[in-house]
Amino acid sequence: MEIRWHILLIIIGASIVTLIPRVVPLMVLSRINIPDWALRWLSYVPVAVMAALVGEELLLVDGRFSPFQNHIELIAAAPTFLTAILTRSLLGTVLVGIVSVMLLRMFL
């Protein structure tokens with residue numbers, strides 16, 4: 001089997017580029033004491049990112065604000081969100097979301 005060195009170098013380079021942004025912050029932040037207020041602030045980052053992603057998916061169509069064009073997704077978001085709050089089950093939330101969209105697309 002012939003080794004193509006340029007492909008091997010691309011794979012090694014891509015792995016290094018992927019590894020650096022993950023490892024360097026971990027190494028730096030593990031050596032310093034982060035204040036309590038900063039830790040509390042950082043705890044909200046995943047929730048804010050998820051809210052931004054879901055909000056964009058539900059409210060934007062082709063990069064424009066159009067909440068009434070995605071009416072099926074908005075209606076399906078209500079039982080999905082309620083399931084997420086009440087059960088805190090990822091599997092249950094995903095299943096309710098999929099079934100809700102499926103039924104709404106079938107009947108609307």
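A: Helices are DSSP runs of H or I with at least four residues, strands are runs of E with at least two, and both are numbered from the N terminus. This is a predicted model, in which local features need pLDDT of at least 70, side-chain atom pairs count only at pLDDT 80 or more, and totals for chains, interfaces and linings use all residues. Residues are numbered from 1 along each chain as its sequence is written, while side-chain values use heavy atoms, with hydrogens and water left out.

Q: How far apart should the ends of helix α4 be, and what does the model show?

A: The expected span of a helix is 1.5 Å times one less than its number of residues. Helix α4 covers residues 71-87, which is 17 residues, so it should span 24 Å. Its end C-alpha atoms are 25 Å apart, which agrees.

Q: Where does α4 bend?

A: The bend at a residue is the angle between axes fitted to the seven residues ending there and the seven starting there. In α4 there is a bend of about 25° at Ala 77, and a proline, Pro 79, follows within four residues.

Q: Which residues of α4 are buried?

A: Buried means under 20% relative accessible area, exposed means over 50%, and partly exposed lies in between (1.4 Å probe, protein chains only). In α4 the buried residues are Ile 72, Ala 76, Thr 80 and Thr 83. An α-helix has 3.6 residues a turn, so residues three or four places apart point the same way. The buried residues of α4 pack against α5, which runs over 90-107.

Q: What does Thr 83 touch?

A: Contact means heavy atoms within 4.5 Å. Thr 83 lies in helix α4 and counts as buried because its relative accessible area is 17%. Not counting residues up to four places away in sequence, Thr 83 touches Arg 88, Gly 92, Thr 93 and Val 96.

Q: Is Thr 93 buried or exposed?

A: Thr 93, a residue of helix α5, is buried, with a relative accessible area of 15%. Leaving aside neighbours within four places in sequence, Thr 93 is in contact with Thr 80, Thr 83, Ala 84 and Thr 87.

Q: What about Val 94: buried or partly exposed?

A: Val 94 also has its place in helix α5. Its relative accessible area is 41%, so Val 94 is partly exposed. Val 94 and Ile 75 are 19 residues apart in sequence and 15 Å apart in space, C-alpha to C-alpha.

Q: Which residue pairs with Arg 105?

A: Arg 105 forms a salt bridge with Glu 73, and the closest N and O atoms are 3.4 Å apart. This pair links distant parts of the chain, with Arg 105 in helix α5 and Glu 73 in helix α4, 32 residues apart. Arg 105 is exposed, with a relative accessible area of 54%, whereas Glu 73, with 27%, is partly exposed.

Q: Which residues form the nonpolar patch on the surface?

A: Patches are made of residues with over 30% relative accessible area and no salt bridge; like charges are joined within 9 Å and nonpolar side chains (Val, Leu, Ile, Met, Phe, Trp, Tyr) within 5 Å. Accessible areas come from the Shrake-Rupley method with a 1.4 Å probe, and for residues only the protein chains shown count as cover. The nonpolar patch here has about 1000 Å² of accessible area together, and its residues are Ile 3, Trp 5, Leu 8, Leu 9, Ile 12, Ile 16, Ile 20, Val 24, Val 28, Leu 29 and Ile 32. One of them, Val 28, is found in helix α1, residues 5-30. Val 28 is partly exposed, with a relative accessible area of 47%.

Methods: Salt bridge = Lys/Arg side-chain N within 4 Å of Asp/Glu carboxyl O.
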